Every structure is written in structure tokens, then in C-alpha cells.
Amino acid sequence: MNDIRIIKQSEYDDAKRVWRLCFPDDSDEFIDYYFARRTSPELILGAFSRCGELIGTLHLLPREISFLGHPKRICFVAGVGTVPSMRHKGIASAMFEAAYPLMKKRGFCASILQPFNVGFYERLGYEPFVYAGIGEINTACLLGVPLPCVVAPDADKMLSIYNAFMRPFTGFALRDKACFENLISEFSLSGSVTVMTENSYAFCCIEGSCANVYESAGDITTSLTLLASRYSSVKALVPTLYSDVFGVKQSVFNMIKVIDEDVLISHTGFSTAAEAVAHAKKTALSFDRY
């Protein structure tokens with residue numbers, strides 16, 4: 001049986017090593033940023049071999065979301081990985097089983113993650129929660145839209161745009177100015193860009209002549225028009241109600257698992273978590289990946 005526990009401060013660099021092995025496409029610049037600004041040792045569950053080597057990690061990131069109009073404390077799971085030489089031995093599943101009681105002990109009422117494989121996480125008790133339009137947008141729908149004026153990224157303005165844009169939805173992260181300051185820093189790393197207009201913003205990763213939009217809020221037509229003027233291809237994540245407009249396919253964006261039913265349904269008017277989650281799915285939206 002592998003030892004599974006929260007890592008120590010002295011093991012933090014080793015957790016970075018595991019991340020590099022599990023996610024080789026991530027740049028050192030991003031990994032350094034993530035470990036400096038997004039996580040910490042007490043948030044990392046580690047799986048250790050019998051000889052004490054760290055061979056897998058699961059990051060337990062605390063978040064607060066709006067769930068049916070009420071703030072709920074949830075655990076966003078990220079960075080789930082097992083070193084290549086130890087895969088297909090049930091280590092990731094064992095880390096999840098060890099994580100659930102820890103999540104409840106830490107006061108989380110639900111766990112949310114972005115799936116690499118929906119079926120794998122369904123076997124662990126998760127279910128699809130947020131659907132979104134994900135793919136290359138049909139830029140023909142932007143013809144005739146005036147090219148907007150660009151403004152410098154501003155965390156306060158982004159927060160205001162985000163809050164107004166998210167108001168009709170549920171399941172989204174409750175953010176503050178510091179969150180947008182982090183995002184602006186993240187998307188100033190190599191290969192990334194932030195664009196902002198008076199009434200919209202977009203965070204993107206650039207691959208050659210393609211802009212991959214990770215998040216866009218406000219009048220998203222204006223920010224997408226701006227990107228389409230700069231890049232030959234624009235791939236974006238948009239709310240499902242925009243899927244047909246931009247010609248993108250609906251896909252599962254994130255999944256949810258109930259950890260504490262009583263806390264999750266408190267003040268929602270629903271008697272079971274299954275009913276509450278089913279209702280929330282109708283208007284659920286999120287941009288968060290970790």
C-alpha cells in the first residue's frame with residue numbers, strides 16, 4: 001500500500017519534479033508561477049512509494065463559488081498526476097479516495113475539477129456540471145463588427161465586467177481584485193496575452209497564428225473581434241447560449257462531486273443534492289481550470 005498524505009515543506013520541490021514529469025508540455029516559467037502563486041505544500045496530497053519517493057500528487061485548491069445564489073466553499077482539484085513509470089496501478093484513484101475525507105474535514109461541501117476523461121471521473125463519483133461551447137469559432141459571424149479600442153488590463157475593471165457577466169449564471173468562482181491581478185500576471189508569461197476593451201476582456205494562450213481563449217467576459221463579441229483581427233484562428237470557450245452563434249460544439253467543461261450534502265443544499269430550497277445539482281446545471285458556467 002502506498003503512503004498517501006499531505007506533503008511537507010521540504011518536499012515542495014519534489015512536487016514540482018512530479019508536475020514536470022506528468023505535464024511535460026508546461027513551461028518552467030508557468031510551473032514556477034503556479035507553485036509560487038497558486039498552490040502550497042499544505043494543499044498537495046502526495047502518494048509515496050514504499051521507499052519514500054513521491055510518485056503522484058493531487059492539489060486541493062480552496063475556492064468559493066456561487067451555487068444557486070449562495071456562496072459555497074468547494075475544493076478545486078488540479079494537478080492530478082502519477083509519474084510515468086508508476087501509472088496504471090490505481091495510484092490516482094487511491095489519492096482521490098484519500099482526498100474525500102480530507103475535503104470534508106477542511107469544510108468543503110463539494111469538489112470540482114476539469115476532466116481529461118469524463119468516464120474516469122464518473123467512476124470516482126463525479127458528474128458533468130458545467131457545459132460550454134469549446135472550439136474554433138466561426139469568424140464569419142464577426143464580419144461587420146467595428147474593431148474595438150484596446151485598453152490596458154485593469155484588475156478592478158475586469159472584476160466589474162466579470163461580476164456583471166456572471167450574474168445570470170451559477171457555479172462560477174467568486175473572485176476579488178487579487179484574483180484578477182494573478183490572472184494578469186499568469187497571462188503575461190511567454191506565449192500568453194491579455195486583451196481588454198472598455199466592456200470586455202480575454203485571457204489567451206498563443207500557438208503560432210492561433211489564439212486559444214481560456215476566458216472571455218463582458219461583450220465577448222468585441223474581444224473576439226479584436227483577436228480575429230490579429231490571428232488567423234481563434235479557439236474559445238463560450239457559454240452554451242453562444243455555441244450556435246459562434247459555431248462551436250458543446251462539451252463538458254467541469255465536473256462536480258458532492259462532499260457534504262447538508263452544507264451544499266443549505267438555503268437553496270432543495271431537499272437533496274441531486275435535485276440541487278440538476279437544477280444548477282441549467283445555468284452553470286465557469287472559466288476556472290485550477
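## Ground rules

Contact here means heavy atoms within 4.5 Å. Helices (H or I, at least four residues) and strands (E, at least two) are DSSP runs, numbered from the N terminus. Axes are lines fitted to C-alpha atoms, for helices over the stretch in contact, and angles run from 0 to 180 degrees between N-to-C directions.

This is a predicted model, where local features need pLDDT of at least 70 and side-chain atom pairs count only at pLDDT 80 or more, while totals for chains, interfaces and linings use all residues. Residues are numbered from 1 along each chain as its sequence is written, and side-chain values use heavy atoms, with hydrogens and water left out.

## Helix α7 on the sheet

Take helix α7, residues 220-230: it lies across β7, β8, β9 and β10 (233-239), and runs at about 160° to β9.

Eleven strands make an open sheet with mixed pairing, in the order β1-β2-β3-β4-β5-β11-β6-β10-β9-β8-β7. Two strands count as paired if DSSP finds at least two bridges between them. At the edges sit β1 (3-6) and β7 (192-196), each pairing on one side only. On average, neighbouring strands are turned by 25° against each other, direction ignored.

Strands β6 (127-136) and β11 (249-258) pair in the antiparallel sense over seven bridges. Ile134 stands opposite Lys249 in β11.

## The largest pocket

A pocket is an open set of points on a 1 Å grid over the protein atoms alone, where a 1.4 Å probe fits, with protein on both sides within 12 Å along at least five of seven lines; lining residues have an atom within 4 Å of a point. The largest one holds about 1,500 Å³ of space, counted as the space filled by probe spheres set on the points, which are joined across faces, edges and corners.

Its lining has 46 residues, with Trp19, Phe23, Asp26, Gly79 and Gln114 nearest the centre. Strand β4 gives the largest share, six residues. The lining splits into 24 nonpolar, eleven polar and eleven charged residues. Nonpolar covers Ala, Val, Leu, Ile, Met, Phe, Trp, Tyr, Cys and Pro; charged covers Asp, Glu, Lys and Arg; the others, Gly among them, are polar.

## The second pocket

The second largest pocket comes in at about 240 Å³. Among its 14 lining residues, Arg38, Arg63, Asp176, Cys179 and Asn182 lie nearest the centre, and β3 (54-67) and α6 are the elements giving two or more. This lining has six nonpolar, one polar and seven charged residues.
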